[in-house]
Amino acid sequence: MGREKYHEMTMMCLECDEPVLYKRSDAKYCSVKCRNNYKQKAHYARNTERVKQQWRNYSDTVDGTATLLLNYAKDRAKKNNLAFDLDKDFILEKLKIGKCELTDLMLSKQLSEKRGRNPMTPSLDRKIPELGYTKENVRLVCFGMNAALGNWGEEMFSTLAKAYLSKSITK
């Protein structure tokens with residue numbers, strides 16, 4: 001096939017459906033990134049359970065937990081247009097201590113039998129949610145505490161906890 005014939009044909013990228021601008025007539029992708037994405041998706045489709053199990057095994061390690069927490073925080077920061085300056089070493093330091101910064105209870109990676117998530121699972125909490133995921137604004141807490149703080153923060157949680165404890169003590 002001559003060059004003049006190649007220019008008449010337009011091959012579309014298998015991944016992003018953009019035109020392939022290579023000189024080779026057998027090119028299937030517009031970039032290395034698209035080729036790798038396409039191949040990764042194909043590998044995942046062929047090996048779904050194996051890939052999921054490998055990820056579960058990795059996420060149960062301290063290194064995997066740090067990666068998971070970092071990636072989730074990075075995604076939320078990007079989605080909500082928040083500041084982000086965390087790194088894996090920062091999270092690893094906190095994980096190695098192994099305690100919730102608000103309760104001093106030991107953190108755990110064991111899954112709960114009912115819902116799959118344990119209230120003692122490590123979680124990143126933003127002290128002031130509007131300030132984003134910065135080293136000065138983030139602390140490692142247990143998931144249950146982070147869920148309890150929700151959108152209202154420590155002051156509201158403290159008010160509710162005190163009211164609950166005073167009522168349960170008087171019973």
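The following conversation works through a predicted model and asks how its descriptions are reached.

Trainee: What makes up the chain, and in which pattern do its elements follow one another?

Mentor: The chain has 7 helices and 2 strands, and read along the sequence they follow the pattern α-α-α-α-α-β-β-α-α. Buried residues account for 27% of the 171 residues in the chain.

Trainee: Why is threonine 121 called buried?

Mentor: The relative accessibility of threonine 121 is 9%, and buried means under 20%, so threonine 121 counts as buried. This residue lies in the loop between α5 (88-97) and β1 (122-126). Not counting residues up to four places away in sequence, threonine 121 touches Ser108, Val141, Cys142 and Phe143.

Trainee: Why is lysine 88 called partly exposed?

Mentor: Lysine 88, which is found in helix α5, has a relative accessibility of 26%. The term partly exposed covers values between the buried limit of 20% and the exposed limit of 50%, and therefore lysine 88 counts as partly exposed.

Trainee: Which residues is lysine 88 in contact with, leaving aside its neighbours within four places in sequence?

Mentor: They are Tyr58, Asp63, Ala66, Thr67 and Leu70. One of these, aspartate 63, is 25 residues from lysine 88 in sequence, while the two are 8.4 Å apart in space, C-alpha to C-alpha.

Trainee: What makes the link between the side chains of lysine 88 and threonine 67 a polar contact?

Mentor: The side chains of lysine 88 and threonine 67 are joined at 2.9 Å, and a polar contact needs a pair of N or O atoms within 3.5 Å, one able to donate a hydrogen and the other to accept it; the pair is therefore listed as a polar contact.

Trainee: What caps the N-terminal end of α5, and what follows this helix?

Mentor: Aspartate 87 is the cap, with a side-chain oxygen 3.2 Å from the backbone nitrogen of aspartate 89. After α5 comes glycine 98, whose phi is positive, near 80°.

Trainee: Which residues of α5 are buried, and what do they pack against?

Mentor: Phe90, Ile91, Leu92, Lys94 and Leu95 are the buried residues in α5, and the buried residues of this helix pack against α4 (62-79), β1 and β2 (138-142). As a general point, an α-helix has 3.6 residues a turn, so residues three or four places apart point the same way.

Trainee: How do you know that the span of α4 agrees with what a helix should have?

Mentor: At 1.5 Å a residue, the 18 residues of α4 should span 26 Å, and because the end C-alpha atoms of α4 are 26 Å apart, the two values agree. The buried residues of α4 include Gly64, Thr65, Leu68, Leu69 and Ala73, and what covers the buried residues of α4 includes α3 (48-59), α5, β1 and β2. α4 is followed by asparagine 81, whose phi is positive, near 55°.

Trainee: Why are aspartate 17 and aspartate 104 called exposed?

Mentor: Exposed means a relative accessible area over 50%. Aspartate 17 has 52% and aspartate 104 has 54%, so each counts as exposed. Aspartate 17 lies in the loop between α1 (3-8) and α2 (32-46), whereas the place of aspartate 104 is in the loop between α5 and β1. Phi of aspartate 17 is near 65°, a positive value in a residue other than glycine, and phi of aspartate 104 is likewise positive, near 65°.

Trainee: Why is proline 129 called partly exposed rather than buried?

Mentor: The relative accessible area of proline 129 is 34%, and since buried requires under 20% and exposed over 50%, proline 129 is therefore partly exposed. Proline 129 is found in the loop between β1 and β2. Between proline 129 and asparagine 151 there are 8.0 Å in space, C-alpha to C-alpha, although the two are 22 residues apart in sequence.

Trainee: What lines the largest pocket, and which element gives the most to its lining?

Mentor: The largest pocket, with about 520 Å³ of space, is lined by 22 residues, of which Leu124, Asp125, Arg126, Tyr133 and Asn146 lie nearest its centre. The elements giving two or more residues to this lining are α4, β1, α6 (143-149) and α7 (153-170), and β1 gives the most, with 5 residues. By class, the lining has 10 nonpolar, 5 polar and 7 charged residues.

Notes. Residues numbered from 1 in each chain as written. Predicted model: local features only at pLDDT ≥ 70, side-chain atom pairs only at ≥ 80, totals over all residues. Heavy atoms only, no water. Helix = DSSP H or I, 4+ residues; strand = E, 2+ residues; numbered from the N terminus. Buried < 20%, exposed > 50% of the residue type's maximum accessible area, 1.4 Å probe, protein only. Contact = heavy atoms within 4.5 Å. 1 Å grid on protein atoms, 1.4 Å probe; cavity = no way out; pocket = protein on both sides within 12 Å on 5 of 7 lines; lining within 4 Å. Points joined across faces, edges and corners; volume = space filled by probe spheres on them. Nonpolar A, V, L, I, M, F, W, Y, C, P; charged D, E, K, R; others polar. Expected span 1.5 Å × (residues − 1).
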